[in-house]
Amino acid sequence: MTKNYYSIYIAAVLSFVISLPPRFAYALIGILLLNLLIYSGLGLKLLMNFLKVEQFTSVILLFTATVFTILFKMILNICAPVVALNCGFAIYLITFSSYLMGNLLDTLGAEQTDHLKRTAIRVSTFSVITLLFFLLRDIIAYGTITLPAKYGLKILQVFTPGTEYFGHFLATIPGSLIVLGLVFCLFAYINHKFTILRRAENER
């Protein structure tokens, strides 16, 4: 990834992770919406590329993502009103994340099948890592695993933390930022090492 891509990726991750409540249940809702928006956006991009009207892509993508988000929020209000209420404005920040991720994953210069494959791999990777982050944070900070339910959250108790339990810090924004910073540093280090290895192989 280039430095510009890292900036876009970090902005997308922060707008997703920081805006949602620190529970696994809300991550499931957020990832569902994010995948819906990215894959619908991908379909629109391919359609507009086929129709040779790429100049209208950005406007139509933003409009479609906004409409889908509003419809998603309405359905969520019906199916899980408490979850929808707690998600609040974060739902609309996921639209911003999906737009940034869509730009980051844009590989329309490639063959259609290759483009679909790359997008699926990258979105799946982002989804799995994000869900693992929320799952571990839910367990470590609260001792629970939470799932969306009709009237609130279904709570699965893993262990009962004490009153002076240090893990609660991970549920705060500063705690999340520290963990995310460490994760980004780790990925940057790994990516740097792989870049060095690729350059060494090309010079042989």
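**Exercises on a predicted model**

At 4% relative accessibility, Cys87 counts as buried. Keep in mind that this model is predicted as you work through the exercises.

**Exercise 1.** Classify Cys79 as buried, partly exposed or exposed, and find how many disulfides the model holds.

*Solution.* Start with the cut-offs: buried means under 20% relative accessible area, and exposed means over 50%. Cys79 has a relative accessible area of 47%, so Cys79 is partly exposed. Next, look for cysteine sulfur atoms within 2.5 Å of each other. The count comes to 0 disulfides.

**Exercise 2.** Check whether the length of helix 3 agrees with its number of residues, then sort out which of its residues are buried.

*Solution.* Helix 3 covers residues 57–79, which is 23 residues. At 1.5 Å a residue, the helix should span 33 Å, and its end C-alpha atoms are 32 Å apart, so the two agree. The buried residues include Thr57, Leu61, Thr64, Ala65 and Phe72. An α-helix has 3.6 residues a turn, so residues three or four places apart point the same way.

**Exercise 3.** Work out which element gives the largest share of the nonpolar surface patch.

*Solution.* List the members: Phe63, Val67, Ile70, Leu71, Met74, Phe89 and Tyr92 make a patch of about 700 Å². Helix 3 supplies the largest share, 5 residues. Take Ile70, which lies in helix 3: its relative accessible area is 39%, so Ile70 is partly exposed.

**Exercise 4.** Describe how strand 1 and strand 2 pair.

*Solution.* Strand 1 (residues 144–149) and strand 2 (residues 152–157) are antiparallel, with 6 bridges. A hairpin of 2 residues joins them. Within the pair, Leu147 sits opposite Lys154 of strand 2.

Methods. Residues numbered from 1 in each chain as written. Predicted model: local features only at pLDDT ≥ 70, side-chain atom pairs only at ≥ 80, totals over all residues. Heavy atoms only, no water. Helix = DSSP H or I, 4+ residues; strand = E, 2+ residues; numbered from the N terminus. Expected span 1.5 Å × (residues − 1). Buried < 20%, exposed > 50% of the residue type's maximum accessible area, 1.4 Å probe, protein only. Pairing = 2+ DSSP bridges. Patch = residues over 30% accessible without salt bridge, like charges linked within 9 Å, V, L, I, M, F, W, Y side chains within 5 Å. Areas by Shrake-Rupley, 256 points an atom, 1.4 Å probe, with all protein chains shown as cover. Salt bridge = Lys/Arg side-chain N within 4 Å of Asp/Glu carboxyl O.
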